[in-house]
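My notes are below, in the order I looked things up.

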Amino acid sequence: MGMRIFVTLIILVAVAVGIFALVLPRDQLVRLIIFRDFFDGTLPILAFGALVKYLCTCCIKCKDCHDK
């Protein structure tokens, strides 16, 4: 349940930022550029963490991990 709320929140934020990019005047778009710079730095780190988590976790169907 918590994950669905989180995903919904992220989608709403993404849509809001997209709408703001279309509606806001150019001088106020500087605030959106700050968010872009923040995510340019954090997304590769988050992607690497997600890759490590994916590679280090066992799938549900794997009998070797669940028989132990």
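**Fold.** First reminder to myself: this is a predicted model. I looked up the secondary structure and got three helices and zero strands for the protein chain. Reading from the N terminus, I wrote the order down as α-α-α.

**Burial and surface.** How much of the chain is buried? I found that buried residues make up 3% of the 68 residues.

**Pocket.** Next I went looking for open space. Rolling a probe the size of a water molecule over the atoms shows where empty space is left. For the largest pocket I noted a volume of about 220 Å³. Which residues line it? My list for the lining reads I10, V13, A14, A16, V17, F20, L32, F35 and F39. I sorted the lining by class and got nine nonpolar residues, with no polar and no charged ones. Two helices, α1 (2-23) and α2 (30-56), each supply at least two lining residues. The largest share comes from α1, with six residues.

**Across the pocket lining.** I picked F20 and L32, both in the lining, and checked their spacing. They are twelve residues apart along the chain, and their C-alpha atoms are separated by 8.4 Å.

**Nonpolar patch.** On the surface I found a nonpolar patch formed by M3, F6, V7, I10, I11, V15, I19, F20, L22 and V23. Together these residues have about 1000 Å² of accessible area. I10 and F20 turn up here, and I had already listed both in the pocket lining.

Is V7 buried, partly exposed or exposed? V7 sits in helix α1, and its relative accessible area is 39%, so I put it down as partly exposed. F20 is in helix α1 too. With a relative accessible area of 44%, F20 also goes down as partly exposed.

Key: Residues are numbered from 1 along each chain as its sequence is written. This is a predicted model: local features need pLDDT of at least 70, side-chain atom pairs count only at pLDDT 80 or more; totals for chains, interfaces and linings use all residues. Side-chain values use heavy atoms; hydrogens and water are left out. Helices (H or I, at least four residues) and strands (E, at least two) are DSSP runs, numbered from the N terminus. Buried means under 20% relative accessible area, exposed over 50%, partly exposed in between (1.4 Å probe, protein chains only). On a 1 Å grid over the protein atoms alone, a cavity is a set of points where a 1.4 Å probe fits but cannot get out, and a pocket is an open set with protein on both sides within 12 Å along at least five of seven lines; lining residues have an atom within 4 Å of a point. Grid points are joined across faces, edges and corners, and a volume is the space filled by probe spheres set on the points. Ala, Val, Leu, Ile, Met, Phe, Trp, Tyr, Cys and Pro count as nonpolar, Asp, Glu, Lys and Arg as charged, and the others, Gly among them, as polar. Patches are made of residues with over 30% relative accessible area and no salt bridge: like charges are joined within 9 Å, nonpolar side chains (Val, Leu, Ile, Met, Phe, Trp, Tyr) within 5 Å. Accessible areas come from the Shrake-Rupley method with a 1.4 Å probe; for residues, only the protein chains shown count as cover. A salt bridge is a side-chain nitrogen of Lys or Arg within 4 Å of a carboxyl oxygen of Asp or Glu.
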